[in-house]
Amino acid sequence: MITPQNNPEFAALLKADSCDDANLAFATRHEGKTVAFNGSIVNMVPHGDYDTRYDFLLGPGDKGPNTAVGPAFKYEDVNILDLKLTGKQIPATVGEGDKFRFVAEVGEFKSAQCLFFLDPVSTEVR
């Protein structure tokens, strides 16, 4: 599992601009691998016309909607169960600003949107 503590490239990525070329390079080299980082929900919107499926924008750190540094990670078309919430107190719902330890599989980076796609593996409440 890749973490900021064991991978200097990932540590630097978490502090880089969301459109930085480092995002594409990392996604290309590590697609399909698992990463883990402390972060928060920057934005959460319904996916299409669904009531229980969402698109989550995640950021590193604890600033939620005020996140200004690091990649714009996206979980697309997932429901709350797909987050696989763990921890001492698992909430019934989640929202913008909530803080978690995200464990996710690296997907693609879409340069035109500056979005780094991830697939949830587990989400630990912190």
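## Cavity

The structure holds one cavity of 30 Å³ or more, where a cavity is a set of points, on a 1 Å grid over the protein atoms alone, at which a 1.4 Å probe fits but cannot get out. The model is predicted, so local features need pLDDT of at least 70 and side-chain atom pairs count only at pLDDT 80 or more, while totals for chains, interfaces and linings use all residues. Residues are numbered from 1 along each chain as its sequence is written, and side-chain values use heavy atoms, with hydrogens and water left out.

The largest cavity has a volume of about 30 Å³, a volume being the space filled by probe spheres set on the points. Its lining, made of residues with an atom within 4 Å of a point, consists of Ile41, Phe56, Leu58, Tyr75, Leu83, Phe100, Phe102 and Thr123. The elements that give two or more residues to this lining are β2 and β5, strands being DSSP runs (E, at least two residues) and helices likewise (H or I, at least four), numbered from the N terminus. By residue class, the lining divides into seven nonpolar, one polar and no charged.

## Thr123

Thr123, one of the lining residues, is found in strand β6. Thr123 counts as buried because its relative accessibility is 1%, buried meaning under 20% relative accessible area, exposed over 50% and partly exposed in between (1.4 Å probe, protein chains only). Leaving aside residues up to four places away in sequence, Thr123 touches Leu83, Lys84, Leu85, Thr86, Phe100, Arg101 and Phe102, a contact being heavy atoms within 4.5 Å.

## Disulfide

A search of the whole structure finds one disulfide, defined as a pair of cysteine sulfur atoms within 2.5 Å, and this disulfide joins Cys19 to Cys114 with an S to S distance of 1.7 Å. The pair links distant parts of the chain, with Cys19 in the loop between α1 and α2 and Cys114 in the loop between β5 and β6, 95 residues apart. The link is right-handed, with 110° about the S-S bond. Cys19 is partly exposed, with a relative accessible area of 40%, whereas Cys114 counts as buried at 15% relative accessibility.

Conventions. 1 Å grid on protein atoms, 1.4 Å probe; cavity = no way out; pocket = protein on both sides within 12 Å on 5 of 7 lines; lining within 4 Å. Nonpolar A, V, L, I, M, F, W, Y, C, P; charged D, E, K, R; others polar.
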